[in-house]
Amino acid sequence: MFSKEEYLTRMNHTKQKMMEYGVEVLLISNPSNMFYLTGYNAWSFYVHQILVVMIDEEQPIWIGREMDAHSAKITTWLDENHIIPYPDEFVQSTIRHPMDFVANILNEIGQGNRKIGLEMDAFYFTGMCYERITQGLPNAEFRNFSTLVNWVRLIKSDDEIECMKKAAKILENAMHAAYYTADVGMRENDVAAAIYQAQISGTAEFGGDYTSIVPMIPTSENTASPHLTWTDRRYKHGDYLTIEIAGCYRRYHTPMARTMAIGEAPDKVKDLAEVVVEGIETTMDAIKPGMTAEEVESIWSKTIAKRGYFKESRLGYSIGLSFPPDWGEHTVSFRKGDRTILQPNMTFHLMPGIWLDNYGVEITESIRITDNGCETFANVPRELYIKKPSNISAMTRAHKEHTGS
């Protein structure tokens, strides 16, 4: 997908970080980091797989399930000698474990007594993984480096930015599909289906990828819970919903959230939407390279405080490439205490949602830090979207016929 030169540059940056922290071998289980360094891209992360990065070797070693080895051959820049499959007898066995196989390989190639970094807080590195790898390498010194590669990923290359721009075009189509489909009599799952159709179809010029998070589209009082997905409930006049989705192109994500109402919106939702829009626009106008992440959050907090609101959760986080179950990079967060300095080509999901006891509003943007400020990836109006129902009487009649009421 990217040039070999770019992958080698990423490897060199990773090894520089390893040298800084005194790590000689890094065992990577995070599929996003595996993809970043090699291009490996298959739905195989539900079984254990490891990328072994050695400080003194140009190529890393991919170790994974035998049936997935061909995926490594066709998606990565590694030669066949650096792709090592384990037999299927190691898959979900109560007797043996893939980390036993990994430990044996490391011992065989003389890496069993080195300083080894582990991604101990990665989604797919389990407690059993840790137990078996440490048992299998008793002479190694282990340390936790869960986000070492994540931090290397923080500043995007121009090619990565182009992927995110394409993801933004897909996002625009998906958001418009949600707006178009949500209507009186339609079901929440119908909106989710329309979003999926747009996400995967992409545009006439390029197709879409699956996203790391499913559409989150809670309705009315459920908007107080931003991470609800959907039900088969039918929309009625006066419902309002938050829509948090993303476009994805070759694993690079551009997320966004918007809030819409069908027919009418309660005054409380209208008022809160005005607060959120004012807050995000004031914050975006102020963002520039050289600021710290906590300074960004401070601008937002001071702006909404003038209207009597505050937000306890973080204002946003770094984004880029990702695999399920999350599209965040797990590095920078816009919140108090994060003094990371913003630099050009850092990318974030600026996430100014406000959730109260029985309703909420989300209006968010994916942004890129530029040389002078920041810019959005996608172009969708931020205002609370009020949709005039297509045909209330027809939709109501269809609903009654369907339910027999």
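## Backbone exceptions and pockets

Arg250 is partly exposed, with a relative accessible area of 43%; exposed means over 50%, buried under 20%, and partly exposed in between (1.4 Å probe, protein chains only). This is a predicted model, in which local features need pLDDT of at least 70, side-chain atom pairs count only at pLDDT 80 or more, and totals for chains, interfaces and linings use all residues. Residues are numbered from 1 along each chain as its sequence is written, and side-chain values use heavy atoms, without hydrogens and water.

Most residues other than glycine have a negative phi, and most peptide bonds are trans. Arg250 has a positive phi, near 50°, and is placed in the loop between strand 7 (240-249) and strand 8 (252-262); strands (E, at least two residues) and helices (H or I, at least four) are DSSP runs numbered from the N terminus. Gln92, also not a glycine, has a positive phi of about 50° and lies in the loop between strand 4 (83-86) and helix 4 (98-108). The peptide bond from Pro324 to Pro325 is cis, with omega near 15°.

A pocket is an open set of points on a 1 Å grid over the protein atoms alone, where a 1.4 Å probe fits, with protein on both sides within 12 Å along at least five of seven lines; lining residues have an atom within 4 Å of a point. A volume is the space filled by probe spheres set on the points, which are joined across faces, edges and corners.

| Pocket | Volume |
|---|---|
| Largest pocket | about 370 Å³ |
| Second largest pocket | about 320 Å³ |

Helix 1 gives 7 residues to the lining of the second largest pocket, the largest share.
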